[in-house]
Each structure stands twice: as C-alpha cells, then as structure tokens.
Amino acid sequence: MTRSSGEGEGEAPAARSASADALADRLARVREGIAAACERAGRPVDEVSLIVVTKFHPPSLVRALASLGEHRFGESRHPESRDKAAALADIDGLEWHFVGQVQTNKARQIARYADCLHAVDRPELVDALARLERPAPLDVFVQVNLTLDTGRGGVAEAHLEPLVERVLATPVLRLRGLMAVAPLGSGGGADDAERAFARVREHGERIRCLAPAATGLSMGMSGDYASAISQGATHLRIGAAITGKRPDRP
Ligand SMILES: *Cc1c(COP(=O)(O)O)cnc(C)c1O
C-alpha cells in the first residue's frame, strides 16, 4: 500500500522534536536562573550542584537530559527509582539522589542503587543503614523539618543535633549536610522561603561544630531555588521547571 503523506506520519517526529526543544529551553532557562542567582549572591556557580528531579517521568526523559549534559538525577519512590536506574545503567557517570522519604524496611534496597540519600530524618533509619555492607560510605543529608507538622518529614529542629551525632557515629554513612523543603502556603512567597532557608543555613553552621566536613545544604526547588542560592544552597533539587509538568503517579 502506498503511503499517503498523511498527517499522522509527519506528526510524530515533529512533536517529538518540539518536546525535545521545549525540554532544552526549560533546562537552559533554569541554568540561566541559577547563574543569575549565584551572581546576585556573589557565589561561584560551581558551588551549586543541580539535581534534576525526574520522579514519575520515564527513563527516556532522563536519557534526553543526560544528552543535554545533566548527570545528577533525583527520585523519590522505590521501586520506580530502582527500575529507572537499571534501565539507564548503560549511561556512564549518572548519580542517583534519593530525595524522598525512606521507609526503614526499604532502606537497604534503596542504598543498593542510590548514590546519596537526602531525607535521613530518624534514628531508626540510621540504624537500618548502619547494617549496610559497602565498599565506600553512603552519602547522606539529614532532613530538617521547618514546620511543626510531624507528618511533613524531617527531624524536628530540637532533635537535629542528636541525629547528626548518630549519623557521625555510623561509619558506613558520610554526612554531607542538611536538607530541607520550604514550608508551603505560609503566604509570603519568596521572603518566607528565604527566611526558612536562612534557618537551615544557621542550623548548618551550628552542626559544623560537630561535623566540619558537612558543608552541604540541599535546598531549593522549582519555585524557590533563587532564594535557596541566596542562603547558601549547594544542592538544588529541581523538577517541574526543567521536566515540565509531572505525569500522574505511576
Ligand atoms: C518532587 C521533589 C522536588 C522537586 O520539586 P519541583 O517543585 O518539581 O521542582 C524536590 N525535592 C523533593 C523532596 C521532591 O519530592
């Protein structure tokens, strides 16, 4: 059968390249935004690592981002994250950052493919990770809860130091610093986010008395990364501003 120059035929590649262009544009805009925020803060841009949060997106999107030069990716749900890391094992040099809550009974499985856990927030989780056997320590951030809502994840600010000490006493873990999510819906937008991130920065300065090497601050998402950079963020976790809207949870 002779193929007509049907619209269906021409559309798929055109649509694909349009979405690839859109992805490249969004990534370029975020890179510019990061550079501009670093400039305003008087910080060198190489102090700030971009982690592209790809949760709920297919491996093909990670592949496209890797071809655009990104290599740090953030995921928040096991086993989706495990399957994605396995599907992309042919790409050298990818780093997988697990940014979501870690259930104690999944900790060991997640630690098999994750290069870094960002949400260590309770002693039971540290104890579960302590039993890992690995050739090199696992990088972790301790998540601080900046709200009074214990359901939000993160250790209460009052319990931060004992948790940090517990991580430091666990040889298989290497503490990189603190992680936080700015509280939602407090109404003040960028100012509120900036105040929240300032608190994380102060906690970071305090815990450095215990852990001089824990200089990292994992904070800043699509809507507030410029505020986070102004307060010393070293690891940005940016999803939608780069990937576009997330598909519904798989
Ligand atoms: C999803 C997620 C992000 C990315 O959020 P965006 O608003 O899409 O940038 C960052 N951090 C954590 C912990 C997340 O779960």
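Student: What kind of unit do E3, helix H4 and E4 make?
Tutor: In this predicted model, strand E3 (residues 95–98), helix H4 (residues 107–113) and E4 together make a right-handed β-α-β unit.

Student: And in which sense do E3 and E4 pair?
Tutor: E3 and E4 pair in the parallel sense, over 2 bridges, and His-97 stands opposite Cys-116 in E4.

Student: OK, what about E4 and strand E5, how many bridges join them?
Tutor: E4 is joined to strand E5 (residues 138–145) by 3 bridges, and the two run parallel; Leu-117 has Val-140 in E5 as its bridge partner. E4, helix H5 (residues 123–130) and E5 also make a right-handed β-α-β unit.

Student: So is strand E4 buried or exposed?
Tutor: Strand E4 (residues 116–120) has 5 of its 5 residues buried, so it is largely enclosed by the rest of the structure.

Student: Switching topic: where is Glu-75 found?
Tutor: Glu-75 is found in strand E2, which covers residues 72–75.

Student: Is Glu-75 buried or exposed, then?
Tutor: Glu-75 counts as buried because its relative accessibility is 1%, and the cut-off for buried is under 20%.

Student: Which side chain does the side chain of Glu-75 make a polar contact with?
Tutor: The side chain of Glu-75 makes a polar contact with that of Lys-84, at 2.8 Å.

Student: What else is Glu-75 in contact with?
Tutor: Leaving aside neighbours within four places in sequence, Glu-75 is in contact with several residues, including Thr-54, Lys-55, Trp-96, His-97 and Phe-98. You have already come across His-97, which stands opposite Cys-116 in E4.

Definitions and conventions. Residues are numbered from 1 along each chain as its sequence is written. This is a predicted model: local features need pLDDT of at least 70, side-chain atom pairs count only at pLDDT 80 or more; totals for chains, interfaces and linings use all residues. Side-chain values use heavy atoms; hydrogens and water are left out. Buried means under 20% relative accessible area, exposed over 50%, partly exposed in between (1.4 Å probe, protein chains only). Helices (H or I, at least four residues) and strands (E, at least two) are DSSP runs, numbered from the N terminus. Two strands pair if DSSP finds at least two bridges between them. A crossover is right-handed if, with the strands pointing away from the viewer, the path from the first strand over the helix to the second runs clockwise. A polar contact is a pair of N or O atoms within 3.5 Å; within protein, one must be able to donate a hydrogen and the other to accept it, and residues adjacent in sequence count only if both atoms are side-chain atoms. Contact means heavy atoms within 4.5 Å.
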